[in-house]
Amino acid sequence: MTLDEPSPAGTADRPAPADLPRLDEDSRYLVQGTRAARRPTAPARGRPREPRGAGGRPWYLRAWVLLSLVTALAGFLRFVDLGKPATYVFDEVYYAKDGCYDAGYAWRQCGLTQPGEQTFTVHPPLGRWIIAAGERLFGNRPFGWRVASATFGTLSVLLLGLLALVLWHDAVWAAVSALLLATESLNLVQSRVAMLDIFATTFILAGFLFLALDRRWMERRTPPPTRPETIDPDAAALVLPSDPVPSPTWRPWRLATGIAFGAATASKWSGALGLLGAIVLAVAFERGRRKGYGSRQPLLEALREESLGIVVLLGIVPVLVYMASYAKWWVENGFAIHAWYEVQKGMLEYSLHLRATHPYASDAWKWIFMMRPVAYYYQCVAHTATGACTRAAEIIGIGNPVVFWGSLVAIPATAIAGWRRRDWRAGLIVFAILAQYVPWFFVARTIFFFYMVPITPFLVLAGVYALRLMTVDRAARRAAAGIGGLAPAGGGALAPVAVALVVLSLAAFAFFWPVLVGDTISQSWWQAHIWFSCRPGQHLCLFNWV
């Protein structure tokens with residue numbers, strides 16, 4: 001797949017030029033990606049006309065309406081009964097207590113064994129400070145521990161919807177993307193516990209959104225090149241060379257990208273994987289912009305003209321944001337660079353050499369298959385006279401099976417279609433997944449399934465990309481690929497299958513809801529959700545959800 005293939009220079013978000021092959025009305029709509037291109041049908045006499053918003057869409061299909069509704073749903077799912085269970089869940093025993101201490105409570109009141117954060121030498125401080133803000137506002141209680149996570153989890157849904165809107169310029173597909181993340185089980189669980197991963201996820205999503213906006217910002221400022229084939233041979237000698245490709249060092253969206261990824265890394269070091277992926281994509285996009293402009297050596301030109309801006313805005317700025325997250329430490333210790341370096345060195349040594357045995361640890365290759373999800377909380381609340389459990393409550397960190405297992409098809413489909421169509425959107429999606437996932441295959445330390453949380457939004461985008469391929473008429477898709485355009489839904493033979501898959505994903509989420517939020521259910525109903533388990537003494541057991 002070509003990550004850097006440009007939209008025709010200077011033509012981003014514009015209709016197809018007049019010299020392209022003539023398309024029928026429906027195909028032209030699919031290529032341009034706007035309902036305004038369709039010839040409106042006169043309403044039946046006596047039937048009231050539907051109110052319409054900008055671009056000819058009904059008001060209820062406008063992007064802000066759909067994304068607001070989906071975001072509200074995501075917030076409801078993440079905040080409802082957030083204080084349940086009324087005890088520490090999994091690693092809340094570290095982060096909720098540290099947040100309590102950072103919020104200004106006495107260390108004994110926070111359940112700590114001594115003054116100071118337990119995780120200071122394990123993770124950077126920004127995530128703890130975000131948790132502390134929630135506890136400062138809502139108290140040292142379960143809702144206070146988790147309110148920041150629920151807020152950021154809700155925000156992650158909105159950010160994914162905005163990113164999908166930038167990618168496809170289609171409100172419906174943006175809403176579908178947001179809805180699939182709102183009902184993605186692992187994102188939901190991490191949004192309802194006081195842990196760091198959802199903060200890194202949200203900042204990473206913001207970083208890739210800003211990166212896509214930066215690409216669009218520059219495309220709109222790049223004038224179309226002078227094409228030799230459009231010049232009269234007699235006048236060719238009088239034509240001046242095209243102006244250089246605009247390469248401003250100051251780029252506000254690139255600055256925002258650097259800030260977002262700096263905050264992701266300051267929440268958890270795994271955020272740096274997203275930053276490295278963004279840097280590679282930034283170079284690839286700049287190469288593509290110059291290639292579309294007609295440059296003979298687009299990569300060399302991109303490196304020569306963009307290196308300063310990339311180093312400053314995607315290198316130095318994230319480092320400054322990361323260091324700023326230690327503001328309290330700098331105030332207490334002064335500008336002691338060497339001491340601060342020793343803190344970072346200790347964190348690195350801990351991360352590299354962690355070899356703890358844990359029943360829920362799993363290798364990275366198992367994550368996409370959901371072989372070993374993590375049980376965050378389990379409580380048997382009713383027993384028989386013989387001690388057998390009859391009613392139980394559990395919170396299990398598991399992904400939505402339709403999203404995760406479907407991505408085994410969606411990721412290759414996105415990669416292949418993106419390569420054939422030279423589609424930068426597919427490149428961003430696939431590379432964001434690979435940049436954050438592949439490095440974990442080479443890590444020897446103890447790792448867990450929930451490290452997939454920052455990757456799940458891009459699994460959703462890969463799935464939506466594949467769904468779009470299913471819902472687009474083949475002829476229109478070929479026409480769109482030929483001009484680098486977009487082809488939203490319309491008339492594909494597999495459109496009903498795509499709709500069914502979305503419904504199936506929602507149904508899977510609803511089915512697993514009780515074991516995502518710790519509802520008390522019968523033991524038989526709990527067992528119905530545990531699809532895989534290992535028998536005592538079983539030597540080969542790949543899937544274990546217990």
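Accessible area here comes from the Shrake-Rupley method with a 1.4 Å probe. On that basis, the chain in this predicted model has an accessible surface of about 24,800 Å². Carbon and sulfur atoms account for 64% of that surface.

Now the overall make-up. The chain has 546 residues, and 51% of them are buried. Its secondary structure comes to 19 helices and three strands. If you take the contacts with a separation of 6 or more, 75% are between residues 24 or more positions apart.

On to the interior. In soluble globular proteins, nonpolar side chains tend to be buried together. The largest nonpolar core in this chain has 119 residues. Phe-208, Tyr-376 and Phe-450 have the most contacts inside that core. Helix 8, residues 197-219, gives the most to the core, with 12 residues.

What does Tyr-376 touch, leaving out residues up to four places away in sequence? The list includes Val-89 and Phe-90, then Val-189, Gln-190, Val-193 and Met-195. It also includes Ile-395, Ile-396 and Gly-397, and finally Phe-450. There is also a second, separate core of nine residues, with Trp-329, Trp-330, Trp-340 and Met-347 among them.

Last item, helix 10. This helix covers residues 271-293, which is 23 residues. After helix 10 comes Gly-294, with a positive phi near 100°.

Technical notes: Residues numbered from 1 in each chain as written. Predicted model: local features only at pLDDT ≥ 70, side-chain atom pairs only at ≥ 80, totals over all residues. Heavy atoms only, no water. Helix = DSSP H or I, 4+ residues; strand = E, 2+ residues; numbered from the N terminus. Expected span 1.5 Å × (residues − 1). Buried < 20%, exposed > 50% of the residue type's maximum accessible area, 1.4 Å probe, protein only. Contact = heavy atoms within 4.5 Å. Core = buried A, V, L, I, M, F, W, Y, C linked by side-chain atoms within 4.5 Å.
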